[in-house]
Structure formats: C-alpha cells, structure tokens
Amino acid sequence: MSYSFFAYLSRLKLIHRWSLMRNTQPENDAEHSLQVAMIAHALALIGRRKYGRDADPEHVLSLAVYHDATEVMTGDLPTPVKYYSDELRGAYRGLEDLSAHRLLSLLPSEMADSFRPYLLQEKGYARDMVRAADKISAYIKCLEEQRAGNHEFDYAAENIRSALQEMDYPEVRDFLRDYLPAFDLTLDELNHPTV
C-alpha cells in the first residue's frame, strides 16, 4: 500500500501566502514554515536557557515545521477572512481539525500516532512559541515588503507589531530586540557591519 501524507505535504510550496495583497516577493507555505521553525526553535532555546522554561526546543521546532500542514487541504485563508467573526473563526478551526484528521489518515496507524501531536497541537508553551514565531515571520515579511517600497503591508505591520508587543513572554521581546533589527540590513551591511 502507498501512503500519500508526504506527497500532500510537498504541496506546501504551492500554497501562496498573502493572497489578497500585492507582494513584491511571493511567499509560499514551505518557505514560511521553515522560517517559523527556525524562529520557534530560537524562542524555545532562549526560554530554556535564559528564563528556565521546561521546554524541548527540538519539539517546538517540529511543531513549527507542521504548523501550517493542514493548508495543503484548505489553502491559506487570508487573515481578514479567517478572523472576521467568532463564527467564522470557529468554523475555520473545525475545518483545520478535519484537515488534520484527513492528513493523519494518509499515514499507517503507527506513524499517525507519532504525527498526531504535530497536526493537532495542544495548548501550552510549545504552541505559544510556534504562534509567536508565526507572528514574527509575518512581521518580517511586512518589513521586507515595506523596505521594497510596498505600503500595502503598512497596516499589517502595525497590527502584528502591536500583537507581538502584547505577548507576555520575555523570550519574544528578546528576539525582537536582539535579532529583528538585522532584518533591516542589506547583504553588504550584514557582511560588513561597520559599513
């Protein structure tokens, strides 16, 4: 028997993000998931090493890799639509759960049990770090678009920045303070910080 779980996941590269907005640089779910995974891993490391969190950074990284996996079934519903109302938000959560169960059914049962925590993420610190990393990644996208002269992302950048500042995790604030400014640098500035 052949299982199609990984074939479906390979389609993350076909799911375009920010579909209602003019983009100077397109972004897909595969690219986004990699960036979220790297940032979530860093947040969990900062949390464990600096703030004594009982966190497994590699587990957080794995959660982040799969955080948008259900979008191979649903597509990336734009944020203004997804969060338009509590009713729509609840319906979308239900659709995500159905999609997660459908994806799990595409694995042999012993593998499905192993992937269940990644597709049906439980509330807690690990998921909070993935959500924070997801917002940071979206904010970075906004900064990149603004730097390219695209004002289409001004409002989103302001809202995401506010949401990040409201997060009650010092590791998020540390990341924003210590790592985010480098995203404003050109390649030459990254290579030669004193230029």
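**Note on helix packing and selected residues**

1. In this predicted model, the axes of α2 and helix α10 (residues 170–178) cross at roughly 115 degrees and come within 9 Å. The crossing in which α2 passes α10 is right-handed. On the α2 side the contact is made by Ile-39, Ala-42, Leu-43, Ile-46, Gly-47, Lys-50 and Tyr-51, and on the α10 side by Pro-170, Glu-171, Val-172, Asp-174, Phe-175 and Arg-177. Sorted by class, the residues of this contact between α2 and α10 comprise 8 nonpolar, 1 polar and 4 charged.

2. With residues up to four places away in sequence not counted, Tyr-51 touches Ile-46, Pro-170, Glu-171 and Asp-174. Tyr-51 and Pro-170 are separated by 119 residues in sequence, whereas their C-alpha atoms lie 8.1 Å apart in space.

3. A second residue of helix α2 (residues 29–51) to consider is Val-36. Its relative accessibility is 0%, and Val-36 is therefore counted as buried. Apart from its neighbours within four places in sequence, Val-36 is in contact with Ala-64, His-67, Val-130, Ala-133, Asp-134 and Ser-137. For Val-36 and Asn-150, the separation is 114 residues in sequence and 23 Å in space, taken from C-alpha to C-alpha.

4. His-67, one of the residues in contact with Val-36, is placed in the loop between α3 (57–65) and α4 (71–74). Although it is a loop residue, His-67 is buried, because its relative accessible area of 16% falls under the 20% limit. The side chain of His-67 makes a polar contact, at 3.3 Å, with the side chain of His-32. When neighbours within four places in sequence are left aside, the residues in contact with His-67 are His-32, Ser-33, Val-36, Gln-121, Val-130 and Asp-134. Val-130 and Asp-134 are also listed among the contacts of Val-36, and the reader may wish to view these residues together with His-67.

5. The crossing of α6 and α7 is right-handed. Ala-100, Leu-103 and Leu-104 of α6 make the contact with Ala-112, Phe-115, Arg-116 and Leu-119 of α7. The residues of this contact of α6 with α7 divide into 6 nonpolar and 1 charged, with no polar residue.

6. A last point concerns the backbone at Trp-18, where phi is near 60 degrees, a positive value in a residue other than glycine. Trp-18 is situated in the loop between α1 (5–9) and α2. Is Trp-18 buried or exposed? With a relative accessible area of 14%, Trp-18 is buried.

Note on methods:
Residues are numbered from 1 along each chain as its sequence is written. This is a predicted model: local features need pLDDT of at least 70, side-chain atom pairs count only at pLDDT 80 or more; totals for chains, interfaces and linings use all residues. Side-chain values use heavy atoms; hydrogens and water are left out. Helices (H or I, at least four residues) and strands (E, at least two) are DSSP runs, numbered from the N terminus. Buried means under 20% relative accessible area, exposed over 50%, partly exposed in between (1.4 Å probe, protein chains only). A polar contact is a pair of N or O atoms within 3.5 Å; within protein, one must be able to donate a hydrogen and the other to accept it, and residues adjacent in sequence count only if both atoms are side-chain atoms. Contact means heavy atoms within 4.5 Å. A crossing is left-handed if the near helix is turned anticlockwise from the far one by less than a right angle, and right-handed if clockwise. Ala, Val, Leu, Ile, Met, Phe, Trp, Tyr, Cys and Pro count as nonpolar, Asp, Glu, Lys and Arg as charged, and the others, Gly among them, as polar. Axes are lines fitted to C-alpha atoms, for helices over the stretch in contact, and angles run from 0 to 180 degrees between N-to-C directions.
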